[in-house]
Amino acid sequence: MRTGFQQNDLDFFTGLSLSGSLRKTGFGYRTGYRQDGLSTGESLDGSFRKSKSDFQRCDLDVSPGQSLDESFRKSKSGVCKGSSRFLSSNKFTPITKRAFKMLKYCARNLLELDVFTQSLEDWILENALADSTISEQSFNSPFEIDELRKLDIALEGILFQQLFRMPCSFFNSSELKEEEYFALEDFLHTIAVGLWHTFWHKSTPLPFFVTCPRHPWSKFYTVERAISRGRIAELSGAALIYKAGNDPHIAWDQVVQFALFKPDIMLGNKLGLSSSILCEALFYGFHILISRRLSKHCPISSDSVFILVLDSKFGGVVKLGGDLRQLELNLENPYEAVSEWFKVHAEVSVSPVDRIWNKLGNANWGDLGTLQLLLATFYSIAHSHGPPRKSIASLAAGHGLRLQKRRIAYCLVESENEIVRPEPYGYQQGEIVELDNDGDAAFTNHASRSMLQEGDLIQVDDQQWGERSFRIQECLVEVKTLYYSAVSLENPSQLLTLYVGAHPSRLEPSWEDMSLWYQVQRQTKVLNILKQAGISSKNLPEIVASGKILHSGLCRKESPVERCDHPWCGTPILVTYPVGEPLSSIVSQDGPFSSEETTRCCRDCLAALRSARMANIQHGDICPENIIRVSDSQGSSSSFLYVPIAWGHAVLEDRDSPAINLLFSSAHALQHGKLCPSSDVESLVYLLYFLSGGNMQQQDSIESALQLRQRCWAKRLIQRQLGEVSTLLKAFADYVDSLCGTPYPVDYDGWLKRLDNAVNESSVERGKLIEQVGMTMRIEDVPGSSRISERGA
């Protein structure tokens, strides 16, 4: 009777039916395997343990690693972007048929938690309490404190809202159990939704759901269903499940992460998890790893699993990893064999236990305990869906800008020794004065780096046209820059881009203000050189105004080159045209570009680089943040125009150095700190690779960035990716590859002609298609056929 129950449950557990000798009784299993020639001392990969090298040749993907900068991408199994690649087959190293049967035998016979705990508890106690004088567990934590700090910074401003509060009571009852599981379910769902929309896809629905099992081989229940069937007390926790299409059947190989929920996870152990709770967490983790190995269509390509261990107050994380092919199964006692595998081959990490929910039942989202759960879930999602579009490091990099905005919001000004609130100039402390309402109130209330608000009026002392006025429309914030959209009072229908530089007195102590110098003063110089050379292009930004802010009130400077004590006095301003959305934001929100838009972007950027090259200027900082997409007043996609901005790091002469970007700078710029004639177009190829959906792996050094470029060009990975988009772009990448690092000039005219023809042909084909759908529409009325042709001409 017991054997039949186990067999049915195992079929559900693995998602597969048993075959061969496994359909027999318990005695038949043993006999069947011995007939296959596998003795008790034989390992699962079909070889005896002669040397360690026998196992090293087929090592599996290891854990995601300790780096928050997408280091899981370095795993040997190749965690790749998107989930579709995991649906066809399991990415684990193949195992023999005999080893497959042995794992299945182990899965169906390793069912008793008490026996498992007895076989492993001594080893747990030996490692967890190796030295009673040390108030820490000897198991390593799966996370470094710096990782958790970086995640905390990256999640600034991200809302995690748990609606079901975790009940806090000393009495255990069925009603309390129901409330706890509702809160647990909502807690895990909130974590998954928040991380998914923050790092992976902002608008794509969550590809996971939360459900609850009773034991490792049981079916899954929603909390409502478990309550209706009277099984709420039997639930052991909650699992984050990968959605496998419309199939209502849930197998254990779909478990992305499991949360073990117990009444008390410490049981008097002030140092951390109790040994019995830790054994139970490893019991579930081992079954999840086996289920992934036995599945033919496992969506998760990793031999490690994170188990969250929770009660109604505290929580921690247990990470289990290891190569199951090194499991030497003892048919007489599978528990002993598994225990030996844990002791020799498994990698077990245990985090400190910390408070998760406060006394009101609300999660402490910014505290250490909850950050551990968030980071474990982040890595678990990365195992099932590949690297995120936004890394933790990239979001954490925006902390400086967010800090600046916060300081601006409180109108703070740095003095030499302290931070003080600015006061109107020319009045004694404590004096009651009447404010000048005729002037611009924004200047009297904001500091030198204050954030302008919508509707603020800016008066600029233009170097060429005298005093000009602009009204702020919107604040545009990117990871590295802060600028505004504005309109001139002379032409309020045209949107402009307005940059506010750093006060001249602040340039020396602050690198951040020095970057503003490149953004305003240096870019003003470059755009003026283009203007004076008579170079004008729709693909280049046009300088509208440049000068210094005219602040309200009395200015006490004695000469035009001096400054008074007003925080705005002497602050430089640059106003350019047009206004657009950076490509980095577009890809983050909408995903990769279409073939037509990628080709159009290549053409427009190449045209801009050609125009600048006519004045012996190279951009030096081509990247998604520095290319904007501009649309016409109707917002038609056929009228999109791509314009390189941020010309502050442009190279005018040999002594100038370009900006260094580990992802998009040319190999020559990374290696020598200088540009060669093809550096900008090489960066443009990397940009096209990014826009077409290529996986840009974050680098941590110039050496690793150079190695990545060498590997990508040698294996033609870039050409292969662009070839899926356009044969012309693939040919362009081959051409750039032949020029990289050489002194030969770029054939801008020839490639612009080819790209222009390709864009116009696609526009005409789309126009013809629209004409076929609407017979009354003439082809010359289609925006994609006439305007683009004129623009390309």
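Colleague: What makes S5 and strand S6 (residues 314-321) a pair, and in which sense do they run?

Modeller: This is a predicted model, and in it seven bridges join S5 and S6 in the antiparallel sense. Two strands count as a pair with at least two bridges between them, so S5 and S6 qualify. A hairpin of three residues connects S5 to S6.

Colleague: In which sense does S5 pair with S4?

Modeller: S4 and S5 are parallel, with four bridges between them. Phe258 stands opposite Ile307 of S5.

Colleague: Why is strand S5 (residues 304-310) called mostly covered?

Modeller: Seven of its seven residues are buried. Ser304, Phe306, Leu308 and Leu310 point one way from S5, while Val305, Ile307 and Val309 point the other way, and all are buried.

Colleague: Why is the pair of Tyr181 and Phe261 called edge-to-face?

Modeller: By the ring rule the model has 33 aromatic pairs. In the pair of Tyr181 and Phe261 the ring centres are 5.4 Å apart, and a pair needs centres within 6.5 Å, so these rings pair.

Colleague: What does the pair of Tyr181 and Phe261 tie together?

Modeller: Tyr181 belongs to helix H8 (residues 174-200) and Phe261 to strand S4 (residues 255-261), so the pair ties together parts 80 residues apart in sequence.

Colleague: How do you know whether Tyr181 and Phe261 are buried or exposed?

Modeller: Buried means under 20% relative accessible area. Tyr181 has 0%, so Tyr181 is buried. Phe261 has 3%, so Phe261 is buried as well.

Colleague: Which residues do ring pairs link into a cluster?

Modeller: The cluster consists of Phe116, Phe220, Trp252, Phe258, Phe283, Tyr284, Phe286, Trp341 and Phe342.

Colleague: How do you know that the charged end of Arg629 sits over the ring of Phe640?

Modeller: The distance to the ring centre is 4.0 Å, and the cut-off is within 6 Å, together with an angle within 35 degrees of the ring normal. Arg355 likewise lies over the face of Phe314, 5.4 Å from the ring centre.

Colleague: What makes S17 and S19 edge strands?

Modeller: The open sheet has three strands in the order S17-S18-S19, paired antiparallel. Strand S17 (581-582) and strand S19 (641-644) each have a single partner strand, so one side of each has no neighbour in the sheet.

Colleague: How many bridges join S17 to strand S18 (residues 627-630)?

Modeller: Two bridges join these antiparallel strands, and the cut-off for a pair is at least two, so S17 and S18 count as paired. Glu581 is opposite Arg629 in S18.

Colleague: What span is expected for helix H23 (residues 727-739)?

Modeller: H23 has 13 residues, and at 1.5 Å a residue the expected span is 18 Å. The model gives 19 Å from the first C-alpha to the last, which is close to that value.

Colleague: Which residues in H23 are buried?

Modeller: Leu728, Leu729, Phe732, Ala733, Tyr735, Val736 and Leu739 are buried in H23. They cover an arc of only 160 degrees around the axis, so they lie on the same side of H23.

Colleague: What makes Ser726 a cap of H23?

Modeller: A side-chain oxygen of Ser726 lies 3.2 Å from the backbone nitrogen of Leu728, at the N-terminal end of H23. A polar contact needs atoms within 3.5 Å, so the distance meets the cut-off. After H23 comes Gly741, with a positive phi near 80 degrees.

Note on methods: Residues numbered from 1 in each chain as written. Predicted model: local features only at pLDDT ≥ 70, side-chain atom pairs only at ≥ 80, totals over all residues. Heavy atoms only, no water. Phe/Tyr/Trp six-rings, centres within 6.5 Å; stacked < 30°, edge-to-face > 60°. Buried < 20%, exposed > 50% of the residue type's maximum accessible area, 1.4 Å probe, protein only. Expected span 1.5 Å × (residues − 1). Arc of directions from axis to C-beta. Polar contact = N/O pair within 3.5 Å; in protein donor to acceptor, adjacent residues only side chain to side chain.
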